[in-house]
Amino acid sequence: MEMNSVIEVSRAAFGLPKVSAPPPDSLQAAMLARVLDEIDHGLILVDLTGRILHANHPARWELGSAQALCERDGMLWGSDDARHRQVRQALKDASHDGPSIVEL
């Protein structure tokens, strides 16, 4: 008996429904965005150019207030020169070392 058949027989024995296909990518992205919005800390995902890919609710509030960070034409900027240098340095570091987290 194949592994998938064994799993389905086991699920049926416990009265569990048959497993359906995973949700489409757009639904998965929407679910991920909802999960990230539940995090109490601001979280901004950017690509290596600084283009904002996602900002959760606390991060959107911060971007709107521009106390430490702001958004210009879809790009992440520091609210002053020193913070902007930190953002640019983090992006440069991430391009060499992989994912990077910056706390401002």
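Reply: What follows is a short exchange about a predicted model.

Me: What makes up the secondary structure of the protein?

Reply: The protein has 4 helices and 4 strands. A helix here is a run of at least four residues, a strand a run of at least two. Along the sequence the pattern reads α-α-β-β-α-β-β-α.

Me: Why is H3 called a helix?

Reply: H3 covers residues 57–65. A helix needs at least four residues in a DSSP run, so H3 qualifies.

Me: Which residues of H3 are called buried, and why?

Reply: They are Ala59, Glu62 and Leu63. Buried means under 20% relative accessible area, so each of these falls under that limit.

Me: How do you know on which side of H3 the buried residues lie?

Reply: Ala59, Glu62 and Leu63 cover an arc of only 100° around the axis, so they sit on the same side of H3.

Me: What does the face turned away from that buried side carry?

Reply: That face carries His57, Trp61 and Gly64. Exposed means over 50% relative accessible area, so these three lie over that mark.

Me: What covers the buried residues of H3?

Reply: The cover includes strands S1 (44–46), S2 (52–55), S3 (69–72) and S4 (75–78).

Me: What follows H3?

Reply: Ala66 does, with a positive phi near 55°.

Me: How much of the protein is buried?

Reply: Buried residues make up 18% of the 104 residues. The accessible surface comes to about 8000 Å², and 58% of it belongs to carbon and sulfur atoms.

Notes: Residues numbered from 1 in each chain as written. Predicted model: local features only at pLDDT ≥ 70, side-chain atom pairs only at ≥ 80, totals over all residues. Heavy atoms only, no water. Buried < 20%, exposed > 50% of the residue type's maximum accessible area, 1.4 Å probe, protein only. Areas by Shrake-Rupley, 256 points an atom, 1.4 Å probe, with all protein chains shown as cover. Arc of directions from axis to C-beta. Contact = heavy atoms within 4.5 Å.
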